[in-house]
Amino acid sequence: QKALMVRKSHLPAQTEDGIRIPVMGNIELPEEVVSVLDHGGDGIGLYRTEFQYLSRPDFPGEDVLFENYKDVIDVMGDRPVTIRTLDINGDKAVNYIRDTRELNPALGLRAIRYCLKKPEIFKTQLRAILRAAAYGNVRILIPMISGIAEVEQAMAMLDEAADSLIRQGFAYKRDVPVGIMIEVPSAVITADILAEKVDFFSIGTNDLIQYTLAIDRNNRHVAHLHQPLHPAILWMIKRTCDAARAKGIQTYMCGEMAAEPLFAPILLGLGVDELSMNPQAIPMVKDAIRSINTENVAPFIEKAMTMTTCAAVQELLERSFGEAV
Ligand code: PEP
Ligand code: MG
């Protein structure tokens with residue numbers, strides 16, 4: 001049975017009525033790409049590059065980063081590789097960064113905030129990504145965006161990085177899709193403004209749930225309140241997808257919510273165009289997508305969006321799709 005599932009996992013994930021949904025893998029280290037391919041992943045939907053920074057005595061240089069990214073890109077061929085820029089601090093502390101001891105790191109100088117404050121570190125990474133992009137199908141993904149100013153500053157940094165590469169005669173590619181993580185409530189609320197400036201959205205439900213429901217994602221005392229089916233979260237996902245669609249860009253999801261097969265109908269129904277997850281989850285989610293007919297999903301979503309509790313949404317989901325997925 002498992003062998004059959006693994007072989008089947010290499011077929012595309014297409015709904016009964018013929019809609020193709022790319023199912024991608026999340027990785028933290030370059031060697032994990034093999035597992036994504038083994039499990040039938042269509043590409044890398046989230047490369048968490050911060051792990052390259054965590055396991056070292058000091059910041060990595062541009063060439064080290066370039067080689068790392070190129071290793072992943074070489075294995076993936078023309079499949080998309082979504083490289084997320086540095087998401088350090090918050091819950092991922094780097095021991096050689098000593099100037100940011102914070103009382104409340106989840107709300108602190110994390111991810112893009114840190115990068116914009118330390119332009120030389122950000123520029124080193126952006127140069128490495130643009131150089132590696134010359135070898136494959138790269139997308140750049142920026143974490144923890146809370147408003148348009150951060151997007152504009154990050155884009156300006158990308159231009160600066162590209163200009164410096166031209167001046168120094170490096171091979172590089174500037175024309176890569178640039179997207180943002182949607183994981184802070186203010187990004188959802190201003191999604192229509194952000195959609196004008198970027199090429200795609202990727203919803204990070206791990207943080208979006210943390211910041212929307214005020215639930216520390218690492219605090220076991222409140223783990224039971226970390227609820228993906230909370231009506232507020234479904235509303236956030238819907239609003240993000242609607243805003244993106246109105247502006248002609250796609251919405252992906254790379255948070256853990258994407259890895260639960262039972263949630264596939266709700267995510268497709270809300271308008272998520274691509275899912276990315278830990279590699280082990282890929283075959284099950286692909287299977288779930290194959291059993292969905294999107295014609296049945298629209299009336300289900302209409303009903304689900306009127307539900308007032310997680311339990312009611314879960315019950316409706318199981319009643320409508322439990323057998324199939
Ligand atoms: C998320 O927040 O959902 C996400 C995918 O990013 P990370 O888990 O790395 O914060
Ligand atoms: Mg996140």
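This is a predicted model: local features need pLDDT of at least 70, side-chain atom pairs count only at pLDDT 80 or more; totals for chains, interfaces and linings use all residues.
Me: What makes Asn-89 count as buried?
Reply: Count the C-beta neighbours. Asn-89 has 21 of them inside 10 Å. The cut-off for buried is 20 or more. Therefore Asn-89 counts as buried. Asn-89 is found in the loop between strand E3 (80-84) and helix H5 (112-117).

Me: Why is Gly-40 called buried?
Reply: Gly-40 has 21 C-beta neighbours inside 10 Å. The threshold is 20 or more, so Gly-40 counts as buried. Gly-40 is found in the loop between helix H2 (33-38) and E2.

Me: How far apart are Gly-40 and Val-138?
Reply: In sequence, they are 98 residues apart. In space, the distance is 19 Å, C-alpha to C-alpha.

Me: Why is Asp-242 called partly exposed?
Reply: Asp-242 has 16 C-beta neighbours inside 10 Å. Buried needs 20 or more, and exposed needs 12 or fewer. The count of 16 falls in between, so Asp-242 counts as partly exposed. Asp-242 is found in helix H11. Its C-alpha is separated by 9.0 Å from that of Ala-191, 51 residues apart along the chain.

Me: Which residues of H11 are buried?
Reply: They are Ile-233, Leu-234, Met-236, Ile-237, Thr-240, Cys-241, Ala-243 and Ala-244.

Me: How do you know that the reach of H11 is close to the expected value?
Reply: Helix H11 (residues 231-246) has 16 residues. The expected span is 1.5 Å times one less than that number. This gives an expected 22 Å. From its first C-alpha to its last, H11 reaches 22 Å. After H11 comes Gly-248, with a positive phi near 80 degrees.

Me: What makes H10 oblique to H11?
Reply: Their axes come within 10 Å and cross at roughly 125 degrees. That angle makes H10 oblique to H11. Roughly perpendicular stops at 115, and roughly antiparallel starts over 145. The crossing of H10 past H11 is right-handed.

Me: What makes H13 mostly covered?
Reply: Look at its buried residues. Helix H13 (residues 282-290) has nine residues, and seven are buried. They are Ile-282, Pro-283, Met-284, Val-285, Lys-286, Ala-288 and Ile-289.

Me: Which residues surround ligand 1?
Reply: The shell holds Leu-46, Arg-48, Asp-87, Glu-183, Gly-204, Thr-205, Asn-206, Asp-207, Cys-254 and Gly-255. Strand E2 (44-48) and helix H10 (205-213) each supply at least two of the shell residues. H10 gives the largest share, three residues.

Conventions. Residues are numbered from 1 along each chain as its sequence is written. Chains are lettered from A and ligands numbered from 1 in the order in which they are written. A residue is near a molecule or strand if its C-beta atom, placed from the backbone, lies within 6 Å of it. Helices (H or I, at least four residues) and strands (E, at least two) are DSSP runs, numbered from the N terminus. Axes are lines fitted to C-alpha atoms, for helices over the stretch in contact, and angles run from 0 to 180 degrees between N-to-C directions. Angles under 35 degrees count as roughly parallel, over 145 as roughly antiparallel, 65 to 115 as roughly perpendicular and the rest as oblique. A crossing is left-handed if the near helix is turned anticlockwise from the far one by less than a right angle, and right-handed if clockwise.
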